[in-house]
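Student: I should like to go through this structure with you and learn the grounds for each description. May we begin once it is shown?

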Amino acid sequence: MKLEPDAQMTDNVQLREGLDELCLHYQDILRLLGEDPTREGLIKTPLRVAKAMQVLTRGYTMDAHQVLRDALFKEDYSQMVIVKDIDFFSLCEHHMLPFYGKVHVAYIPNGYITGLSKIARVVDIFSHRLQVQERMTLQIKECIQETLHPLGVMVVVEARHMCMQMRGVEKQNSVTTTSDFSGAFNQAKTRQEFMNLIHNN
């Protein structure tokens, strides 16, 4: 499958191969759940769900590294660059239920910067795959580190998980926080500066 470097992240995303097969599977799922997929309210549901799942997993067809490379600029700036409060939605790979929240990213340039919107695009690409929060955090950090080669990167993800809210322990107000960092952010003082900045409203 050809990777698209910066496809539009909208509901108008080009649908991929396998849509018809997905639709048939969802018809079977409805039957196995005890429903009648031929009744009026459900006739178009398998197709709607198949399209929705392709949209929600469109990150598999996109190259996050290329997104950053396409907007790489030489710049003599070596202070912290922060993009905070990046909204995201993803699907937990264990139950395929949503988890959602905010991502905060900081990096310290080492001769090159990237367009600020591209940081948010990287988050979109990795979140639009079946995920666990811990791996998504690591993937965002590694993508920025490997592409920009900055002096350091730090990523913090704060999320609510529907698999905890709707099933299992059914805890409605719990928030899961993960972080990963490299380079200059191995210093506690630098990490604390970042945390102070993202939580200072």
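Student: Where in the chain is H149 placed?

Tutor: H149 is in the loop between α5 and β6. Helices (H or I, at least four residues) and strands (E, at least two) are DSSP runs, numbered from the N terminus. Please note that this is a predicted model, in which local features need pLDDT of at least 70 and side-chain atom pairs count only at pLDDT 80 or more, while totals for chains, interfaces and linings use all residues. Residues are numbered from 1 along each chain as its sequence is written, and side-chain values use heavy atoms, with hydrogens and water left out.

Student: Why does H149 count as exposed?

Tutor: Its relative accessibility is 51%. Buried means under 20% relative accessible area, exposed means over 50%, and partly exposed lies in between (1.4 Å probe, protein chains only). H149 therefore counts as exposed.

Student: What is the phi of H149?

Tutor: H149 has a positive phi of about 50°, although it is not a glycine. D85, in strand β2, also has a positive phi, near 60°, and is a residue other than glycine.

Student: Is D85 buried, exposed or partly exposed, and what makes it so?

Tutor: D85 has a relative accessible area of 35%, so it is partly exposed.

Student: How do you know that the length of helix α5 agrees with its number of residues?

Tutor: The expected span of a helix is 1.5 Å times one less than its number of residues. Helix α5 has 16 residues (133–148) and should therefore span 22 Å; its end C-alpha atoms are 23 Å apart, which agrees.

Student: Which residues of α5 are buried?

Tutor: The buried residues of α5 are Q133, M136, T137, I140, K141, C143, I144, T147 and L148. They cover an arc of only 155° around the axis, so they are on the same side of α5. The arc is that of the directions from the helix axis to the C-beta atoms. An α-helix has 3.6 residues a turn, so residues three or four places apart point the same way.

Student: Why is T147 called buried?

Tutor: T147 has a relative accessible area of 9%, and it is therefore buried. Not counting residues up to four places away in sequence, T147 touches H65, L68 and R69; contact means heavy atoms within 4.5 Å. A polar atom of the T147 side chain also lies 2.7 Å from the backbone oxygen of C143.

Student: What makes a set of residues a nonpolar core?

Tutor: The term denotes a set of buried Ala, Val, Leu, Ile, Met, Phe, Trp, Tyr and Cys residues joined through side-chain atoms within 4.5 Å. The largest such core has 28 residues, of which F88, V103, V105, I119, M136, I140 and I144 touch the most other members. At least two residues of this core come from each of α3 (64–69), β2 (81–92), β3 (98–108), α4 (116–127), α5 and β6 (152–161). A second, separate core of 8 residues includes I108, M154, V156 and F185.

Student: Which residues does I140 contact, leaving aside neighbours within four places in sequence?

Tutor: I140 is in contact with V103, V105, V122, V123, F126 and V155.

Student: How many helices and strands does the protein chain have, and what share of its residues is buried?

Tutor: The chain has 7 helices and 7 strands. Buried residues make up 41% of its 201 residues.

How values were computed: Polar contact = N/O pair within 3.5 Å; in protein donor to acceptor, adjacent residues only side chain to side chain.
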